[in-house]
Amino acid sequence: MELTWGEDYDALAEVARSVFQRISPLTDRDRTVDFVDQVRQFAALDWLTLGNPGCGAGSASLASTAAVFVEAGRALVRSPLLPLTTARDAAVLCGSPRADALAAGIGAGDTTVVPALHDPAWGRPMPALRGGVLSGTALAVPYADAADLLLVEATEDMGGENWSDVLVAVPREAQVTVEPMPNLGEHSMFAVTFSETPVSDVLARAGTAHTALVTARRRASVLSAAQIYGAGLALLDRTVRYAQERRQFGGPIGRFQAVQYLCTDIAVGVHLTSAFVRDAARRLDEGADAALEVALMCKQARMTAEEMVHAAHEVHAGIGFMVESDVHLFTKAAAKWMFDLGGEHRTDQVILTELWAEAIGGQR
């Protein structure tokens, strides 16, 4: 397991911390940040080209890029940075001229593109492309109401009951219906329905589309887990400070072993997540498949997200549920990150499959 960050990590973290602290709900809950303003700022900072899998030597690695997302998690900032980065990664990995142009537009901040990817956990079929016409619904699409284009994962009718993966770009103004999906965390989530929508912008098909989507998803998982790590550091700091300041039975509650164990549980989970994030990022930077490393990371990050907020609520007791407390903000964010990292059953399947393949095939 590789336990180092990228060489640019510290410099990126310092800049990101200064940017995100100003717009953090932990600093000012009433402050609203405009979508367009955020995209412009990210473009000006060159964050929309960070970790670009197509830039090669000399560019920031995924292990360095994680620094920005660690600080976003530490500040609990909600932003379109991860969806834009995921769309850019998928476009770059398609390798077609049109996809490269789209990725360049995202990187420059000229075109806002968000991924509309399929999650079988919803129990809905993937959007289908037949004869150049797209039909179906994509759920939980972030910032779909503000995007210029939607990068849609679909299945294409090849005739004779044969279907193939396809990745297409669809303008939001086309025959597309965007409806908000209300949720307790008030996150940006939309149901996007394609009603016989004509498609002329096919970025990749078959194996190329499949590989681009799998790799982009794995990279996005690393950055989501990095946010959990950052949020965990902030929550640990708040929980320890509260345990030192809250006095009961003649002294601070932090003197009780039960409280110390809870704080220790947060610390252990957070730093384990950091280790798995670094290992998965390094493997992806090396061009490895990294299916096992990413699956193990997702499992650990989900456990950490769930357990750290539980332990924090145990320490804070009733005050943690009050609007005046910040703990409930971490709880809402953790639920979203757990959702983004996928279901435990699916992750366990990947882990078992990869370990079995390693056992019967020798060293990977």
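**Figure 1. Lining of the second largest cavity in the predicted model.** The residues around this cavity divide into seven nonpolar, one polar and one charged. They are Thr86, Ala87, Ala90, Pro115, Leu117, Leu151, Leu213, Ala216 and Arg217. Thr86 is the polar member and Arg217 the charged one. Two helices, H4 (81-94) and H6, each supply at least two residues of the lining. The space inside comes to about 40 Å³.

**Figure 2. The largest cavity.** How many cavities of 30 Å³ or more does the structure hold? There are two. The largest has a volume of about 50 Å³. Its lining consists of Leu117, His118, Asp119, Trp122, Arg124, Pro125, Thr137, Ala138 and Leu139. By class, five of these are nonpolar, two polar and two charged. Asp119 and Arg124 are the charged pair. His118 and Thr137 are the polar ones.

**Figure 3. The largest nonpolar core.** This core has 114 residues. Which residues have the most contacts inside it? They are Phe20 and Trp47. Helix H6 (residues 206-245) gives the core its largest share, 18 residues. In soluble globular proteins, nonpolar side chains tend to be buried together.

**Figure 4. Surroundings of Trp47.** Beyond residues up to four places away in sequence, Trp47 touches Leu12, Val15, Ala16, Val19 and Phe20, among others. Further contacts of Trp47 include Phe42, Val68 and Leu81. Arg88 touches Trp47 as well. Phe20, one of these partners, is named with Trp47 for the most contacts inside the largest core.

**Figure 5. Ser79 in the loop between H3 and H4.** Ser79 lies between helix H3 (62-74) and helix H4. Is Ser79 buried or exposed? Ser79 counts as buried because its relative accessibility is 16%, and the cut-off for buried is under 20%. A polar atom of the Ser79 side chain lies 3.2 Å from the backbone nitrogen of Leu81. Leaving out residues up to four places away in sequence, Ser79 touches Gln38, Phe42 and Tyr143. Phe42 is in contact with Trp47 too. Leu81, whose backbone nitrogen faces the Ser79 contact distance given above, also touches Trp47.

Technical notes: Residues numbered from 1 in each chain as written. Predicted model: local features only at pLDDT ≥ 70, side-chain atom pairs only at ≥ 80, totals over all residues. Heavy atoms only, no water. Core = buried A, V, L, I, M, F, W, Y, C linked by side-chain atoms within 4.5 Å. Buried < 20%, exposed > 50% of the residue type's maximum accessible area, 1.4 Å probe, protein only. Helix = DSSP H or I, 4+ residues; strand = E, 2+ residues; numbered from the N terminus. Contact = heavy atoms within 4.5 Å. 1 Å grid on protein atoms, 1.4 Å probe; cavity = no way out; pocket = protein on both sides within 12 Å on 5 of 7 lines; lining within 4 Å. Points joined across faces, edges and corners; volume = space filled by probe spheres on them. Polar contact = N/O pair within 3.5 Å; in protein donor to acceptor, adjacent residues only side chain to side chain.
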